[in-house]
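Please have the viewer ready as you read.

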Amino acid sequence: MGEPRGIFCSAQGCVGDVIIEQRLVESKEPASHVPLACSAQYCAFPVDGNVLCLWNTKDPSYQPLTLQGHHEPITAVAFGNTVSPLLICSASQDYVIMWSLDECRQKVLQGLSPRGVIMGTLLGQVLCLRLSPDDRTVAVCAGNKILMLDIESRSILAELEGHQGHVTAAEFCPWQTHIIISVSEDRSFKVWDHHVGSLIYNSPVLTAFPLLSLLIDAKSRQLVTGCANGQLWIFSLVEGHHYRCVTRVSLKKKSESFSRRVESRLCSLPEESQRPCTHGLEKGEEVEASLPILGLAPCDLSAIVSAPCVWGLSSETTSCLWIGSSAGLFIFNLANFELEAVLHYRDFRSLSIHVAGSCAVMSKANDDKAICLLTSLFGRKIVMLEIRVAALVRSQQGHDAGRHLSVLPRTCVGPTSPLCFTTAKESKTPPAPQRQSAGRSTVKDQPLVFHTKVRSSGYASAPHITMFSPKANTRKRGDHSSRRRDGPRCKEYPLESSPPTKLYKQRVLAHGPAAAHCVQYSGDGQWLACGLANHLLLVFRADLSGTPTVFSGHDGAVSTVCWSHDSRWLLSASQDGTLRLWSLRRAELALCVGKDVFSKPVRSAQFYYVDTFVLLSSGPELQLLKYHIDTCKDEIQRYKQKSRCKRVFRLPTTGRTEITSLSAVNDFYSYLVLTAGRNRTLEVFDLNAGRSAAMTVEVHSRPVHQICQNKGSSFTTQQHEAYNLFATTASGDGIKLWDLRTLRCERRFEGHPNHGYPCGIAFSPCGRYVASGAEDRHAYMYDLGSSTFSHRLAGHKDTVTSVAFSPAAPQRACPETQEEASFGRDFSVLLREGRLPIAGLSHPGRQAAAVRSGRLTAGRRPRRGARRHQDSRPSPPHTAAHARQCPPLLQGSPLLQERSWHPVLLHRMWAS
């Protein structure tokens with residue numbers, strides 16, 4: 001036995017006592033793949049083949065306890081779950097023996113040889129043992145069978161058969177003790193009811209490599225299994241999820257990405273605080289082809305890693321686990337599917353083992369220390385390591401990652417801030433009027449035809465006199481105002497609301513093969529704007545009644561729509577390179593900013609700082625425009641645009657990378673702007689200081705195509721910490737939920753297929769849900785407290801491209817319910833009602849127009865004899881056939897003016 005050796009630094013210069021080698025022993029037999037087990041007080045392993053050895057983890061000065069009774073090499077070891085008496089079970093090809101450690105310790109003190117209870121004989125090659133939570137039953141994985149043995153009567157309770165290969169691991173479900181889950185070399189897992197002895201679920205083949213390890217997390221109710229090539233599979237055990245796969249993780253890719261993030265954090269530190277270590281391999285050393293997952297164990301980081309305490313995101317509910325591999329130890333977060341810390345054995349040259357053959361880890365809750373038991377892959381050494389978890393995690397995390405950022409402003413606007421800009425017209429005081437004497441005043445000749453308005457001389461008509469007009473409708477007007485004040489729109493938004501699930505309404509949006517790109521509700525929840533690929537912008541009423549207002553003028557697909565805070569103006573950006581501002585009341589163009597202003601096309605645009613500015617991205621630059629809207633009309637010079645705008649500030653991104661998405665709050669004053677770059681970076685700008693405030697790299701595996709902030713609405717009030725949450729999404733990489741204060745990914749949502757088309761996301765006004773489009777013609781709803789989807793909304797015929805929640809309280813048309821709309825490539829808009837409102841878009845498909853209530857059904861074409869809206873203008877001949885098939889929504893609409901269009905764009909509603 002070796003004495004404890006402290007290891008304080010590696011050859012690369014890492015600072016801090018992260019790991020200590022407590023014990024070392026060399027076995028007479030090769031120790032490459034011997035079974036290992038750890039508990040809160042002991043570590044157990046076989047030495048010399050058939051001798052079971054136990055080390056005390058609390059006091060290394062205690063002498064090891066050796067237990068003899070097997071004649072064949074020990075192949076499996078497992079501790080019990082109760083503290084008193086503490087049981088340990090060992091198995092070989094000859095016996096399965098149960099030991100009571102308290103009795104064995106007393107026997108040793110008396111000078112006697114400790115003996116165990118033989119549970120079974122000649123059961124075969126046993127690779128795994130597991131005791132039930134109450135320590136009354138032991139599961140013996142012998143060959144391709146699982147034998148359930150009763151500890152008290154030593155009898156076989158059940159024999160579970162079904163695997164095609166050796167069973168490598170098994171675990172009891174903590175909240176359903178009659179359920180046991182097993183993995184096997186046949187590359188599948190099975191769920192059993194061992195009380196009945198029946199199979200509940202059989203998974204398909206997951207991978208080409210055998211499954212080696214298994215863990216059931218009680219907090220997140222997830223099943224985690226690892227295979228020999230370093231793949232980690234996570235499944236949901238929530239009732240009703242039917243063991244769906246949440247995600248699949250490559251440990252090698254996660255380790256490489258984590259190393260790059262650590263290096264970028266170290267490079268961003270000041271020179272005096274930089275550390276020379278890179279946590280990587282030395283020059284000339286080869287990276288391993290795979291990292292086999294040898295063991296899984298729970299890890300508690302609640303005292304180290306802080307999370308926002310909103311909607312189930314507190315650090316107490318965030319689960320982490322230890323992953324033991326041949327090259328090192330990894331701390332994996334089950335909420336965001338990212339690595340929190342990495343410990344490579346090769347980084348510590350004083351360690352006795354650099355490549356492990358077997359691994360077992362144990363860490364107690366609210367304890368800074370973890371115990372790791374390792375065996376050498378190419379030797380006979382067995383070591384026990386003590387790991388300081390807090391020192392390991394903090395040494396690899398960024399210092400002041402969030403730099404105390406917050407969406408809510410904490411300081412006043414500075415005098416040199418770009419947000420203090422005012423136009424020359426506003427700052428310039430008009431000159432005082434000069435008085436002239438009546439004798440010198442003369443009437444100058446002015447051209448009559450150039451006046452703005454030509455007043456009548458009054459000779460042709462008699463003067464109009466306004467007579468007495470009684471106010472007869474005073475009471476009605478008062479009733480109307482009180483009714484509006486007490487109406488549903490002014491009610492508080494329900495925070496404890498359920499998501500929409502039922503489809504109840506479906507409407508046609510447009511005609512022709514033109515996808516719907518974007519959708520957004522107005523701030524008051526009364527209007528719904530949709531941007532289409534056929535250069536049009538449509539505005540609906542929130543309840544989808546009446547004919548939509550059509551805004552035309554763009555020469556390219558409308559890529560962005562945004563409402564002003566007062567819901568009077570609508571901003572749109574197009575692929576033609578122009579930015580247009582529309583008046584909702586007049587249904588006309590108020591301002592057009594052409595290509596001559598922007599050097600590169602506008603990717604994103606929105607109102608900012610409570611409608612004071614227009615914020616946009618053009619290439620690698622973030623630009624701030626000050627605008628002035630003049631709606632007065634000159635009847636002579638109608639072509640002349642009186643509205644104007646001026647660029648007051650521009651700021652390039654770090655590295656001058658192209659901005660793919662931006663987001664900022666417009667409902668209240670906020671200084672921060674979030675941007676995503678083509679190089680997969682996320683950068684935060686402080687426009688009060690006029691500079692970049694923070695940046696993080698490797699946000700997604702692909703460039704981010706949308707940033708969505710939790711902005712709430714004017715009808716609800718959330719916790720002030722919740723406004724610092726925002727989500728990002730990228731094709732093929734799911735959705736990530738971030739905390740702006742730390743710039744950490746707090747949770748990751750996966751389950752919706754999105755591999756090629758940029759599908760949109762949206763926060764619910766209550767801040768509890770995130771909705772996303774998908775390529776399987778569904779909209780997905782995620783709860784912030786879970787990584788997998790809670791609802792899957794059907795109804796579209798093609799990819800759902802955009803979703804939006806209504807910010808208002810329950811609609812008048814649907815009392816005590818709210819709506820959700822989704823838009824997709826089948827040109828349909830589906831509206832669902834429930835306690836939450838949402839809208840979505842999809843792409844080309846068959847035409848459908850239906851009103852749904854109750855269960856989800858396929859959309860039908862309207863009847864030929866359906867009543868149609870009559871237009872006073874004559875219809876062109878080529879629209880007559882369309883008029884017979886078109887739903888009432890678009891009768892007489894300019895959408896029917898083109899011959900090549902066909903009725904395929906729909907609008908649908910859901911209800912809960």
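## Ground rules and overall picture

This is a predicted model, in which local features need pLDDT of at least 70 and side-chain atom pairs count only at pLDDT 80 or more, while totals for chains, interfaces and linings use all residues. Numbering starts from 1 along each chain as its sequence is written, and side-chain values use heavy atoms, with hydrogens and water left out.

The protein has 912 residues, and 54% of them are buried (under 20% relative accessible area; exposed is over 50% and partly exposed is in between, with a 1.4 Å probe and protein chains only). Its secondary structure comes to 6 helices and 59 strands, where helices (H or I, at least four residues) and strands (E, at least two) are DSSP runs numbered from the N terminus. Taking contacts (heavy atoms within 4.5 Å) with a separation of 6 or more, 56% are between residues 24 or more positions apart.

## Confidence

The average pLDDT, the predictor's confidence in each residue from 0 to 100, is 79 for the protein, and 73% of the residues score at least 70. Residues 1-16 stay under 50, and the model gives them 43 contacts beyond four places in sequence. The pLDDT is also below 50 over residues 810-819, a stretch with 43 contacts in the model beyond near neighbours in sequence.

## Aromatic rings

A pair of aromatic rings is described by the distance of the centres and the angle of the planes. Here, rings of Phe, Tyr and Trp (its six-membered ring) pair if their centres lie within 6.5 Å; planes under 30 degrees apart are stacked, over 60 edge-to-face, and the rest tilted. The whole structure holds 15 aromatic pairs. One of them is the tilted pair of Phe189 and Phe235, at 4.7 Å centre to centre and 55 degrees between the planes. Phe189 belongs to strand S17 (residues 189-193) and Phe235 to strand S21 (residues 231-236), so to speak two distant parts of the chain, 46 residues apart. Both Phe189 and Phe235 are buried.

How are the rings of Tyr201 and Tyr243 arranged? Their centres are 4.7 Å apart and their planes at 25 degrees, so this pair is stacked. Tyr201 sits in strand S18 (residues 198-202), and Tyr243 in the loop between S21 and strand S22 (245-250), so the pair ties together parts 42 residues apart in sequence. Tyr201 is partly exposed because its relative accessibility is 23%, and Tyr243 is partly exposed at 23%. One aromatic cluster brings together Phe189, Tyr201, Trp233, Phe235 and Tyr243.

## Charges over rings and positive phi

A charge sits over a ring if NZ of Lys or CZ of Arg is within 6 Å of the ring centre and within 35 degrees of the ring normal. Arg221 lies over the face of Trp175, 4.6 Å from the ring centre, and Lys626 lies over the face of Phe613 at 5.4 Å.

Arg221 is also worth a look for its backbone: it is not a glycine, yet it has a positive phi of about 55 degrees. Arg221 is in the loop between S19 and strand S20 (222-227), and with 37% relative accessibility it counts as partly exposed. Val610, likewise not a glycine, has a positive phi of about 55 degrees and lies in the loop between strand S39 (602-608) and strand S40 (613-618).

Ser363 lies in strand S27 (residues 356-363) and counts as buried because its relative accessibility is 15%. Its side chain makes a polar contact of 3.2 Å with the side chain of Trp322 (a pair of N or O atoms within 3.5 Å; within protein, one must be able to donate a hydrogen and the other to accept it, and residues adjacent in sequence count only if both atoms are side-chain atoms). A polar atom of the Ser363 side chain is also 3.3 Å from the backbone oxygen of Pro298.
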